[in-house]
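Please keep the structure in view while reading.

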Amino acid sequence: VKAARALLEQGDPLLLTGPAADRFAEDKGLAVEPQGYFTTERRKAALEAMKAHVVAGTAAKASESEKHGTVGAVALDSHGDLAAATSTGGYNNKPDGRVGDSPIIGAGTYARNGVCAVSGTGKGEYFIRHVAAHEVASRVDYLGESLEAATRKVVMEKLKDVGAGLVAVGASGAIAAPYNTDGMFRGWVNDDGQFFVASHADVYRYPEDLQ
């Protein structure tokens, strides 16, 4: 995300990949780790599980944790500026050279001042096909839908055939985080400084409800 921010501030080009992206980050003074740094026992176990699912023909039944792991964030600051950032754990057992939705502006990540900021999680191919994050912003901006209605329309209808979720914040501070899976880890803080966390339907205020 820091490298993406540095690229945004530079202005051109919009996307960099592979070794060139690593060189760019190094030139900007950002910390760059060897690929092995990102390998964990949990991720290796998930990869082996997905490979086994493919062999058995049960890939569609794999759990969300076996498939992928995305961290998304959206924010509205005191100046009214909106921002979105999406850091993907990658889709397990993906083909070589595959590019997901996280770096594609409008697919898994999008922000438009005065409208909303959106970050998504799920299989990227569907987010790209539906330009999902941009679709949310367009529904809010052009159709006048509430953030809750727009995000639910995209998640529950456009992305109904794939496990998916979104986190979004609107220009007025409205928050929405719909998902069509069994659960989705999410949390937010409002302008009063109150923290909320949730994994399934129940939402807890932190720290009062979690003591």
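## Backbone and salt bridges

Valine 131 sits in the loop between α5 (124–130) and α6. The model is a predicted one, and the values below are computed from it. The phi angle of valine 131 is positive, about 45°, although this residue is not a glycine. Most residues other than glycine have a negative phi, and most peptide bonds are trans. Valine 131 has a relative accessibility of 35%, so this residue counts as partly exposed.

The peptide bond that joins aspartate 12 and proline 13 is cis, with omega at about 5°.

The next topic is charge. Side chains of opposite charge can pair when their charged atoms come close. How many salt bridges does the structure hold? There are 7 salt bridges in the structure.

| Salt bridge | N to O distance |
|---|---|
| Arginine 5 and glutamate 9 | 2.9 Å |
| Arginine 112 and aspartate 141 | 2.7 Å |
| Arginine 139 and glutamate 145 | 2.8 Å |

Arginine 5 and glutamate 9 are both part of helix α1 (residues 2–10). They are 4 residues apart, which is about one turn of the helix. Is glutamate 9 buried or exposed? Glutamate 9 is exposed, and arginine 5 is exposed as well.

Arginine 112 and aspartate 141 form a salt bridge through their side chains. Arginine 112 is in strand β3 (residues 109–112) and aspartate 141 is in helix α6 (residues 132–143), so this pair ties together parts that lie 29 residues apart in sequence. Arginine 112 has a relative accessible area of 16% and is buried, because buried means under 20%. Aspartate 141, at 37% relative accessibility, counts as partly exposed.

Arginine 139 and glutamate 145 also meet in a salt bridge. Arginine 139 counts as buried, with 13% relative accessibility. Glutamate 145 has 21% relative accessibility and counts as partly exposed.

Conventions: Residues are numbered from 1 along each chain as its sequence is written. This is a predicted model: local features need pLDDT of at least 70, side-chain atom pairs count only at pLDDT 80 or more; totals for chains, interfaces and linings use all residues. Side-chain values use heavy atoms; hydrogens and water are left out. A salt bridge is a side-chain nitrogen of Lys or Arg within 4 Å of a carboxyl oxygen of Asp or Glu. Helices (H or I, at least four residues) and strands (E, at least two) are DSSP runs, numbered from the N terminus. Buried means under 20% relative accessible area, exposed over 50%, partly exposed in between (1.4 Å probe, protein chains only).
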